[in-house]
Amino acid sequence: MSKISLKNLSHSYLNSQVNKEDWALRNVNIDWNDGGAYALLGPSGCGKTTLLNIISGLLNPTEGQILFNDQDVTNKNPVERNIAQIFQFPVIYDTMTVFDNLAFPLKNRGISEQEIKNKVEEIAEMLELTSTLHNRASGLTADGKQKISLGRGLVRSDVNVIMFDEPLTVIDPHLKWILRSKLKELHQKINRTMIYVTHDQTEALTFADQVVVMHEAEIVQIGTPVELFEKPRHTFVGHFIGSPGMNILPCKIDNGAISINGNKIETKIDIKDKSFSKTEVGIRPEFIEFNESGLPVKIIKVSNTGRHKIIDTESESGKIKVIAKSSTNIPTGSAFLNFKKDYTYVYGDNWIIE
Amino acid sequence: MNKTVNQKAWLFVIPVFVLVAFNAIIPLMTVVNYAFQETFGNNVFMWEGTRWFKQILLSDRFHAALGRQILFTLIILFIQIPLGIFIALTMPKEGIGVSVCLVLMSMPLLIPWNVVGAMWNIFALPDIGFLGHSLNALGFDYNFTQQSGDAWFTTVLMDVWHWTSLVVLLSYAGLRSIQPAYYQAAEIDGASRWSVFRHIELPKMKKVLTIAILLRFMDSFMIYTEPFVLTGGGPGNATAFLSIDLVKMALGQFDLGPAAAMSLIYFFIVLTVCWVFYNLMMKNEGQS
């Protein structure tokens, strides 16, 4: 068990790097605290798996350092780092029984028969594999196989970190839910650092205490689910998290006063003396209200989801989505919108201005 | 649901039936016909029942040829399969080397059988052949035309040269289809190189290896052209494998009846071995 720190980590799969796009990972700095439940969230191709493989030692970073408890492990292999990793597709050893599959990582490390037996039985119990323990692993269903993969990751009690690379992709939706709760439960039981890679925000937000959001090879925000929702530090986080995502509207900053298309917007931010090539206002649909005056919009569509209404409106600066209680009376035709001051943020070149 | 009955549909089967009849059924039935009769030419046939079968099955000549054949097939399988897997494992996995290796590997497979035989005949000639001459120069008493041990050595070497590539290509295809995650998981599990081979690569290659062994078994068990050109079955009968012996009997001695019976027995052996082997290999496949 240990704290894992990544320092100035960059990685490229190419031999020479000219453009920003040549990097699969750009200048990543992050500390993973011992025993934390982390999710690594981002769209496909943003560098999540690359980051994971660098932590596990399957990949050597082009630049930067990996520290386990302040010890440099950058050049160490996965065995020396003592980590566990579970992959997207179930990896099982076809010729072995379920028991032998689970025992394999222990056998390779020369652990005694008795200890292996105890450990494997404990893990099998936890994952409900006891009844099939002596069957051939190749005969199992996809989720049974993935449970074996999970089991092989969990069977060693001394690993520094357990990493999951979208482990539930091949699992049926209803089993997904069960396995995910199982993981959460396991985390509480064994209290080991876990990093869970996913592109599904629900998965990330339900599993993790801290969510790391990645976008185009960079980490854009690290925070609790609430922080990501209430205060996105990058327009991408605003878009990606929440359903529907944050409204992002181009704005003008004139001597500290913020306006959208001539309509003044109130915020808590002081942004004098800063200049950007692009400035935008971000506001979540949950924090917009209809009012007698404010930003003029046209109502385009109202959809009722049962719990709330989602209203599509069109302003002169672009579309704005609003979420209102089901009981709210929605004006027809044209209306005025008010943004809640505490949740209105201004982004300069996509990054939050504070 | 009502199915329309239209007997005209049988007409569509005719072309394939004619094709199969001419290239398989009629020739095979002719052989069956010969196997039960005696002829002295002029299209006169006499019924002989199972006489030829008994004669072949009890003949020392057939036993010897079958023994040589089995020995030859076993030797080349035991060399080609492990060697093929080994070469496939050492082949590059990416870059220009892949194409270079694949082309080099395919080369022997593209050469016509009789050319292979002729090449190796000249290559191995003790006086002027590169192989034969070099071996003699190194002090070995090598002459494949006169010493049966040397003839076997040369025939086996030729077959290994000609056909190992097939095993390599099949194994390589099998290896390339293994997801990288398997290797990564094994690395994390701390598996040794041998474990990776034993528990990942070998099981994943099972299907292609089954095909490779079957193909190599059939081809080597029915080998004719290359040893015919290389040694002609000699010296003496040392390399007279089943098909060489069969041709000698059928065309050399014109013993059509016994030769036909031998063909059928030969055919039956190949069929049985393939069937048994395939079923054994695929026994557990249904579950996974």
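The model is predicted. Chain A is divided into domain 1 (4–235) and domain 2 (243–352), while the assignment for chain B gives domain 1 (7–47) and domain 2 (59–287).

- Not counting residues up to four places away in sequence, Tyr196(A) touches Tyr38(A), Ala39(A), Leu40(A), Phe164(A), Phe207(A) and Ala208(A).
- As a general background, nonpolar side chains tend to be buried together in soluble globular proteins.

**The six-stranded sheet of chain A**

- Six strands of chain A form an open sheet with mixed pairing, in the order S6-S7-S8-S3-S9-S10.
- S6 and strand S10 (218–223) of chain A are the edge strands, each of which pairs on one side only.
- From one strand to the next, the twist averages 15°.
- Strand S9 (residues 210–215) of chain A runs antiparallel to S10(A), and five bridges join the two.
- Within this pairing, Val211(A) stands opposite Gly223(A) in S10(A).
- Helix H1 (residues 48–56) of chain A packs on the sheet, where it touches strand S3 (37–41), S6, strand S7 (162–165), strand S8 (194–198) and S9 of chain A.
- The direction of H1(A) makes about 155° with that of S7(A).

- Strand S17 (residues 295–304) and strand S18 (residues 308–315) of chain A pair in the antiparallel sense over six bridges.
- Val302(A) has Ile311(A), in S18(A), as its bridge partner.
- The hairpin of S17(A) and S18(A) has three residues between the strands, and Gly306(A) takes a positive phi near 100° there.
- S18(A) also pairs with strand S19 (residues 318–325) of chain A, in the antiparallel sense and over eight bridges.
- In S19(A), Ile320(A) stands opposite Thr313(A).
- Two residues lie between S18(A) and S19(A) in the hairpin that they form.

**Domains of chain A**

- The centres of domain 1 and domain 2 of chain A, taken over C-alpha atoms, are separated by 38 Å.
- Contact between these domains involves six residues of domain 1 of chain A and 10 residues of domain 2 of chain A.
- On the domain 1 side, the touching residues divide into one nonpolar, two polar and three charged.

**Domains of chain B**

- The C-alpha centres of domain 1 and domain 2 of chain B lie 33 Å apart.
- Seven residues of domain 1 of chain B are in contact with six residues of domain 2 of chain B.
- Helix H1 (14–35) and strand S1 (37–39) of chain B each supply at least two residues of the domain 1 side.
- H1(B) accounts for the largest share of that side, four residues.
- The residues on the domain 1 side of chain B divide into four nonpolar, two polar and one charged.

**Contact between chains A and B**

- The interface brings 21 residues of chain A into contact with 15 residues of chain B.
- Helix H2 (78–81), strand S6 (84–86) and helix H3 (98–107) of chain A each supply at least two residues of the side that touches chain B.
- The chain A side divides into 12 nonpolar, six polar and three charged residues.

Conventions. Residues are numbered from 1 along each chain as its sequence is written. Chains are lettered from A and ligands numbered from 1 in the order in which they are written. This is a predicted model: local features need pLDDT of at least 70, side-chain atom pairs count only at pLDDT 80 or more; totals for chains, interfaces and linings use all residues. Domain bounds come from an automatic or database domain assignment. Two residues are in contact if their C-beta atoms, placed from the backbone, lie within 7 Å. Ala, Val, Leu, Ile, Met, Phe, Trp, Tyr, Cys and Pro count as nonpolar, Asp, Glu, Lys and Arg as charged, and the others, Gly among them, as polar. Two strands pair if DSSP finds at least two bridges between them. Axes are lines fitted to C-alpha atoms, for helices over the stretch in contact, and angles run from 0 to 180 degrees between N-to-C directions.
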